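Here is a short tour of a protein chain, written to be read with the model open beside it.

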Amino acid sequence: MFERFTRDARAVVGDAVAQAGRTGSDTVGEPELLLALLDRTDSAAAAALGALGLRERRESVADALAAARRRGGISTADARALTGLGIDVEEIVARVEREHGVGALAASGPGGRRKGARRRFAPEAKSVLECSLRIAVGRGERHIGDEHLLLALTARPGPAAAVLADHGVTFGDVEQAVGEVARAS
């Protein structure tokens, strides 16, 4: 599948691995892919993210992704729904962190990586990569660009789609922005 990735899409994957290194995660997941896309400057996905106003809100998106990671992947919307049932997710997270340390609920634990070991792709990230292929094929395109990765992040439920939805961006919005960028080029 990677042979179909454009230079931009390969750069996103590489940047996501680097992003995982900066956050201390031993796996590459949706948050790292989304942050890598937000860091792009001259690509179809970068143009679409700019048109959606997300580039200016990168810090807010990064904070929301970090909060979701801290909550073990529970989205803000799910946390609100649980609060409605009398379950205070933030209190549960605080208790777990008091007992087991900060970040105990994060998808990957601290430290256990050997120096020089390669970061694995989490199942959610692998699913995004597979979905990007299906989206490209469905659109009749022979390559997988970073725009397909962006579309895939919003096409399926997950932490990236939830955070983007909290920022007012849905799959339909991304699809429209990607289409406008393609027509303009």
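Let's begin with the chain as a whole. Of its 185 residues, 43% count as buried. The accessible surface comes to about 9700 Å², and carbon and sulfur atoms hold 52% of that area. Among contacts with a separation of 6 or more, 63% join residues 24 or more positions apart.

| Part | Mean pLDDT |
|---|---|
| Protein chain | 86 |
| Helix 6 (residues 89-100), lowest | 75 |
| Helix 8, highest | 96 |

In the protein chain, 90% of residues reach a pLDDT of 70 or more. Over residues 107-115, however, pLDDT stays under 50, and the model has seven contacts beyond four places in sequence for this stretch. Where pLDDT is low, predicted coordinates should not be read in detail.

Now zoom in on helix 9. Is helix 9 mostly covered or mostly open? Helix 9 spans residues 159-166 and is mostly covered, with six of its eight residues buried. Those buried residues are P159, A160, A161, A162, V163 and L164. They pack against helix 2 (30-38), helix 4 (58-70), helix 7 (123-138) and helix 8 (146-155). Just after helix 9 comes G168, which takes a positive phi of about 80°.

Key
Residues are numbered from 1 along each chain as its sequence is written. This is a predicted model: local features need pLDDT of at least 70, side-chain atom pairs count only at pLDDT 80 or more; totals for chains, interfaces and linings use all residues. Side-chain values use heavy atoms; hydrogens and water are left out. Buried means under 20% relative accessible area, exposed over 50%, partly exposed in between (1.4 Å probe, protein chains only). Helices (H or I, at least four residues) and strands (E, at least two) are DSSP runs, numbered from the N terminus. Contact means heavy atoms within 4.5 Å. Accessible areas come from the Shrake-Rupley method with a 1.4 Å probe; for residues, only the protein chains shown count as cover. pLDDT is the predictor's confidence in each residue, from 0 to 100.
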